[in-house]
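Work through the following exercises with the model at hand. Each task is followed by a solution in steps.

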Amino acid sequence: MRQLIISTLILLLAAIQLQAQAAADSPEQKLAEEWLKQLNALDDWYLSVDGKEEGVEQLVNSMMDLYAPDVLAEVPPHDKDQIGPVMIRGKENVRKWVERIAKTQVRLNYILKRQTEGPTGEYEGWRLIYSTKLPWGGTGIAFQIIGVWSLREDRRRFMAPGAVFIQYGPDGKIHRLRLLLAEIDEVKPL
Amino acid sequence: MNRQVVFIVIVIAAVFVFATAFAQQHRPYNQIMKDVGATFASLKKNLDANSATAAAQDAAKLEGLFAETEAFWAPFDTQDAISFAKRARDAAAAVGAAAKGNDIKAAQESYSVIQKNCANCHFSHREETGKGFLIKP
């Protein structure tokens, strides 16, 4: 009897583990992880000893591979004179936005927000990705993030909670992107 | 007459362009840093030995090396690195002035300022790979 109970418990735990693994490995999860990975990699380049910027072009190209030519992106203001969000049309214009991040920001650390079932479990647990099939084909995903970055010019560091909404077409490319960052705060040492 | 004037202007402009291009060329950054390391160690040794003249010479050399460092960063608009180099250069000048006045204690204090700026810059802009260093933008 005891053996039966133990075996049942082991099977139950294994099933839960498998289910969790399946959620973590879902195509939508991979899409979200890939987008964040490419974004965070944008500062992963160096200066050569003779003062040339090396590797930035490849990183931007790699990020841009995710986008469709007719992409429409709504992104936070990235200009000192800009107050509201910016609507960017077309891959070439999105590329300029991506290049600007790569060249002006360092120590990029955008992370997926985690959650457990409890009311306060916001820093551990599952990295939830909300997804839906789009009526016109393709998949839409949404997820909460915390964005952290430093300005290259003076190393001032900023943090903001936010959300990302991405629509992928049947071609697997991003056709719409909405990156929302709220309450951007400067991180200062105490 | 006009042709001669145009010719002279072109020659002067060409000389200016070449001179500017030559002035903007700088030594590879790793060479500058290696020289800073060696000179900085020598400065410490001379300050500890109360060798004011030798210390002043090292400080003067460091001043030039930090000017080179500043010039390396200038085109990138990486303000913190430029400021670290500038403050290190100023501190090297202060070490030199103190050493020339035979004030080793003041020179040691300014030496610490150089050290602090070097460390801060390395923290932000130097990445250890195990096989060498990379320069972070």
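**Exercise 1.** How are helix 3 of chain A and helix 4 of chain A oriented to each other: roughly parallel, roughly antiparallel, roughly perpendicular or oblique?

Conventions: this is a predicted model, in which local features need pLDDT of at least 70 and side-chain atom pairs count only at pLDDT 80 or more, while totals for chains, interfaces and linings use all residues. Residues are numbered from 1 along each chain as its sequence is written, and chains are lettered from A and ligands numbered from 1 in the order in which they are written.

*Solution.* 
- Locate the helices, taken as DSSP runs (H or I, at least four residues) numbered from the N terminus: helix 3 of chain A covers residues 56-64 and helix 4 of chain A residues 91-104.
- Their axes, lines fitted to C-alpha atoms over the stretch in contact, come within 10 Å and cross at roughly 135 degrees, on a scale from 0 to 180 degrees between N-to-C directions.
- Angles under 35 degrees count as roughly parallel, over 145 as roughly antiparallel, 65 to 115 as roughly perpendicular and the rest as oblique. The two helices are therefore oblique to each other.
- The contact (C-beta atoms, placed from the backbone, within 7 Å) involves Val56(A), Leu59(A), Val60(A), Met63(A) and Met64(A) of helix 3, with Lys91(A), Arg95(A), Val98(A), Glu99(A), Ala102(A) and Lys103(A) of helix 4.

**Exercise 2.** Determine how helix 2 of chain B packs on helix 3 of chain B.

*Solution.* 

**Exercise 3.** Is Ala91(B) buried or exposed?

*Solution.* 
- Apply the cut-offs: buried means 20 or more other C-beta atoms within 10 Å of the residue's own, exposed 12 or fewer, and partly exposed in between.
- Ala91(B) has 24 other C-beta atoms within 10 Å, so Ala91(B) is buried.
- Leaving out residues up to four places away in sequence, Ala91(B) touches Ser110(B), Val113(B), Ile114(B) and Asn117(B).
- The C-alpha atoms of Ala91(B) and Ala41(B), 50 residues apart along the chain, are separated by 15 Å.

**Exercise 4.** How many residues of chain A are in contact with chain B?

*Solution.* 
- Twelve residues of chain A contact 14 residues of chain B.

Notes. Contact = placed C-beta atoms within 7 Å.
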